Amino acid sequence: MSRNSKIVENPAVRTFVWKNKKERKGEVLRETGWYYYDKSANNGEGENIKVDFPLNFVWLETAQSFTGYSEKLNNGLYSNEILSSPEAIAKYGKQELILKCKKDVLCQGYYQDIKEKAKGFGAKYCNAVYAMMEIDSRWEVVRFLMSGSSGSAWMSFNNKTQNNKNMITCTGSTEIEMKTGQTYDAPVFKYIPLSEEMLNLADQKCLLVDEYF
């Protein structure tokens with residue numbers, strides 16, 4: 001990379017993660033919902049902030065990545081984000097995912113080749129969904145890390161044709177029962193018709209995401 005190369009920062013001003021209710025001895029420590037981390041909150045100590053329902057956003061782009069926590073390594077896992085749609089592969093070529101813990105590379109390669117190895121470390125498949133959302137009366141680019149229960153709900157709901165012409169609202173959660181009898185909460189998504197003006201604004205915001213990738 002030369003001194004003239006342009007480094008483009010991630011345009012997302014907030015990253016949202018779905019968290020299930022957390023209890024201890026009957027006391028609710030955390031409510032179910034979408035959270036983002038605000039490093040300036042709690043007198044500069046940082047804090048996860050819960051967002052009220054409904055949560056409205058306009059889809060811009062979806063990237064592929066890994067996230068999770070490794071019990072073996074006692075630390076969080078993360079990866080780069082890549083575009084894996086046929087259009088993106090035709091434009092940029094097929095890209096590799098790099099799974100890391102801290103600064104250590106755990107595995108690298110195409111998703112199909114490394115997914116089992118990544119899973120062995122505790123990594124989960126993640127859709128990094130870039131979207132446009134109104135924050136403090138301004139439309140900003142944000143990111144949703146859809147994995148686990150939110151990932152399953154998103155993949156069941158996601159429809160690119162509908163995403164391109166509608167706003168998406170998350171109205172709350174629904175309880176899902178697993179084969180083991182255990183339950184978890186998953187977000188509920190719905191489509192809302194979008195005006196021509198908002199569609200044009202979404203196209204402009206999407207240019208920021210395209211430039212980043």
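**Strands, turns and loops in a predicted model**

P54 lies in the loop between β5 (47–51) and β6 (55–70). The peptide bond leading from F53 into P54 is cis, with omega near -5°. The structure is a predicted model, in which local features need pLDDT of at least 70, side-chain atom pairs count only at pLDDT 80 or more, and totals for chains, interfaces and linings use all residues. Residues are numbered from 1 along each chain as its sequence is written, and side-chain values use heavy atoms, with hydrogens and water left out.

The protein contains 5 helices and 13 strands. Helices (H or I, at least four residues) and strands (E, at least two) are DSSP runs, numbered from the N terminus. The C-alpha trace spans about 55 × 40 × 40 Å along its principal axes.

Buried residues make up 39% of the 213 residues. Here buried means under 20% relative accessible area, exposed over 50%, and partly exposed in between (1.4 Å probe, protein chains only). The protein exposes about 13,200 Å², and carbon and sulfur atoms supply 45% of that area. Accessible areas come from the Shrake-Rupley method with a 1.4 Å probe; for residues, only the protein chains shown count as cover. Contacts are defined by heavy atoms within 4.5 Å. Of the contacts with a separation of 6 or more, 53% join residues 24 or more positions apart.

Charged side chains number 28 positive and 27 negative, and the centres of the two sets lie 6 Å apart. Lys and Arg count as positive and Asp and Glu as negative, while His and the chain ends are not counted. Each charge is placed at NZ of Lys, CZ of Arg, CG of Asp or CD of Glu.

Strand pairing was examined next. Two strands pair if DSSP finds at least two bridges between them. Strand β8 (97–101) is joined to β7 (75–79) by 2 bridges, and β7 and β8 run antiparallel. Y78 stands opposite K100 in this pairing. β8 also pairs with β9 (residues 104–109), in the antiparallel sense, over 5 bridges. In β9, V105 is the bridge partner of K100. β8 and β9 form a hairpin with 2 residues between them, and K102 in the turn has a positive phi of about 55°. The covered face of β8 holds L97, L99 and C101; the uncovered face holds I98 and K100.

A further antiparallel pair is formed by β12 (residues 166–177) and β13 (residues 183–193), joined by 11 bridges. E175 stands opposite D185 in β13. The hairpin of β12 and β13 has 5 residues between the strands, and G181 takes a positive phi near 95° there.

Positive phi also occurs in two loop residues. N43, in the loop between β4 (33–38) and β5, has phi near 55° and is not a glycine. N43 is exposed, because its relative accessible area is 80%. D136, in the loop between β10 (123–135) and β11, has a positive phi of about 50° and is likewise not a glycine. D136 is exposed, at 68% relative accessible area.

Two other loop residues are buried. L83 sits in the loop between β7 and α1. Its relative accessible area is 7%, so L83 counts as buried. L83 touches E61, T62, A63, A88, I89, Y92, Q95 and F213, not counting residues up to four places away in sequence. L83 and F213 are 130 residues apart along the chain, with their C-alpha atoms separated by 7.8 Å. S147 lies in the loop between β11 (138–146) and α3 (148–157). S147 is buried, at 14% relative accessible area. With residues up to four places away again left out, S147 touches T67, K124, Y125 and C126.

Two partly exposed residues complete the account. G93, in the loop between α1 (86–92) and β8, has a relative accessible area of 26% and is therefore partly exposed. G93 and N48 are 45 residues apart along the chain, and their C-alpha atoms are separated by 36 Å. Q162 belongs to helix α4 (residues 160–165). Q162 is partly exposed, at 27% relative accessibility. Q162 and L55 are 107 residues apart in sequence and 17 Å apart in space, C-alpha to C-alpha.
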